[in-house]
Amino acid sequence: MKKLLTLLLFSTVPAFAQQVYLPHEVEKQAEPAGGLTVLNQFITSNLQIPFQNSIKGVNGRVYLKGVVQPDGSMSSIEVTRGIDTLCNAAAVRVLGMYKAWKPAMLAGQPVRQAVFFPVAFKAEAKPAFDTARLAFIDYFNEAFVPIDSARAKYRRTLPVDERGFVSGDVAYEESRGRKWKRLGEAKFAKTPIRYKSRFVNPGADSIAAYRVAARDYNEASHAPEVTFDAGGRVLSYVEYGVDGKASLIKDYDLNGMVRRQQLIADSLITEVYWDPNGQIRAHRDFPVNRMGAKEEPLLMNAWGPDGTQYVKNGDGYWRAAGETPNGKWLFEQGKVVNGVKDGNWVGKLADSTLYYEEVFDLGQFKSGSSWVNGTKSEYSRPRIQPEFKGGIKEFYKFLGMNIRYPIDAARNGVGGRVMLSFVVCEDGSMCEYKVENRIGYGLDEEALRVVKLMNGKWNPGEMRGEKVRVKYNVPINFQVEGPILRR
């Protein structure tokens with residue numbers, strides 16, 4: 001009898017462990033770590049609306065049912081009411097990536113619970129898409145503002161593949177009478193590269209990848225740029241406006257999850273990080289100065305792996321991951337008041353090695369020490385931007401002596417601001433030049449030509465006492481009476 005009773009007990013344990021409870025059957029229901037708003041933000045950033053649906057337009061919901069497991073993941077996801085096969089699959093995929101649930105509780109133990117969740121799909125129809133040519137054809141007026149085709153002065157043809165990514169040269173044409181005359185194009189390129197990111201093989205070497213882009217001879221981008229690994233998985237995505245300025249950047253891990261997102265406006269860059277399980281980790285705002293460079297960030301919100309919010313609306317105790325100049329994980333912590341650092345701050349590497357110690361007084365840096373390869377160094381400024389040799393006056397003087405107003409722009413009375421970017425390396429040399437926004441009429445080319453003459457005339461930037469590569473932005477304003485650069 002004792003042997004029989006033991007067998008019966010063992011047979012009931014798996015049944016209890018596998019039971020799936022409904023929400024009303026548990027003492028504490030399963031919920032997203034950090035709250036429903038955090039989950040919705042994760043879905044918004046990761047949901048991939050199928051290209052075919054985005055072209056036609058879609059406005060609906062896919063209703064899903066899944067089981068939240070005791071470890072915080074979700075399994076057995078199925079569609080209870082959907083839109084179509086493509087949207088249904090996209091909804092299942094995005095909800096399955098999120099593994100930051102707080103499990104249901106019953107009798108003090110985490111249990112499996114059924115969860116019902118809708119995923120919203122919304123995209124306006126894109127009439128500019130020509131299905132016969134597999135391309136977006138957009139029309140613009142003289143100021144290059146989008147307009148209907150009947151009144152258009154210019155048009156742009158952007159060919160794409162079945163996923164909606166650029167697949168050929170981006171062509172520009174001008175309306176002359178009843179005919180369109182070719183003005184130029186941005187050449188399509190599928191370029192093999194070495195890609196390194198702390199979200200892809202962290203701590204290891206770069207991986208083989210390739211990037212698709214359409215750039216003109218000034219390296220200005222005319223279509224979203226996408227980086228893929230050798231298997232075709234998206235690693236990064238950069239979206240550009242009509243003027244060529246980046247407006248959205250997403251960095252992915254190898255599971256296809258967005259791990260960092262940047263929304264870029266003229267005066268502010270909003271940056272959000274996520275943990276591998278989909279839990280939001282940190283939200284920072286970077287003010288952008290008049291030179292187009294990011295200033296010290298405002299530390300707005302931070303969460304722990306369990307969804308506990310440590311910093312809310314700029315106040316609290318920051319515990320979040322960052323990175324060193326060479327791409328290693330950096331775990332930082334310290335007090336935050338009104339979005340700025342206060343008191344003692346500490347940064348450590350992933351192996352808990354001390355990387356820096358700094359002291360602040362309501363955002364004002366007081367002192368700092370860093371340890372690089374076992375060597376301690378002290379510094380009076382945590383970040384030093386690259387500087388033109390001789391200072392800003394010499395910088396303006398150099399521009400005034402070398403820049404020439406293009407004849408075509410002067411004849412047409414065209415002016416404006418050209419934003420350029422480049423990288424100042426550890427030795428002060430320059431590379432990776434790019435026109436970040438376009439004006440045309442030779443202004444972009446002239447600005448780039450003069451900036452390239454500055455190679456070797458810069459002092460490098462520093463981060464915590466160490467010389468580092470820094471991306472630098474330079475806005476050059478052209479006025480018909482003569483070009484100037486304004487701060």
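Guide: Buried means under 20% relative accessible area, exposed over 50%, and partly exposed in between, with a 1.4 Å probe and protein chains only. Helices (H or I, at least four residues) and strands (E, at least two) are DSSP runs, numbered from the N terminus. This is a predicted model, in which local features need pLDDT of at least 70 and side-chain atom pairs pLDDT 80 or more, while totals for chains, interfaces and linings use all residues. Residues are numbered from 1 along each chain as its sequence is written, and side-chain values use heavy atoms, leaving out hydrogens and water.

Visitor: How many residues of helix 7 are buried?

Guide: Seven of the 10 residues in helix 7 (443-452) are buried, so the helix is mostly covered. They are Leu443, Asp444, Glu446, Ala447, Leu448, Val450 and Val451.

Visitor: What covers the buried residues of helix 7?

Guide: Contact means heavy atoms within 4.5 Å. The cover includes helix 5 (392-402), helix 6 (407-411), strand 30 (416-424), strand 31 (430-435) and strand 35 (470-478).

Visitor: Why does threonine 227 count as buried?

Guide: Threonine 227 counts as buried because its relative accessibility is 0%. Threonine 227 lies in strand 14 (residues 225-229). Beyond its neighbours within four places in sequence, its contacts include Ile193, Tyr195, Ala209 and Val234.

Visitor: With which side chain does the side chain of threonine 227 make a polar contact?

Guide: A polar contact is a pair of N or O atoms within 3.5 Å; within protein, one must be able to donate a hydrogen and the other to accept it, and residues adjacent in sequence count only if both atoms are side-chain atoms. Here the partner is the side chain of arginine 211, at 3.2 Å.
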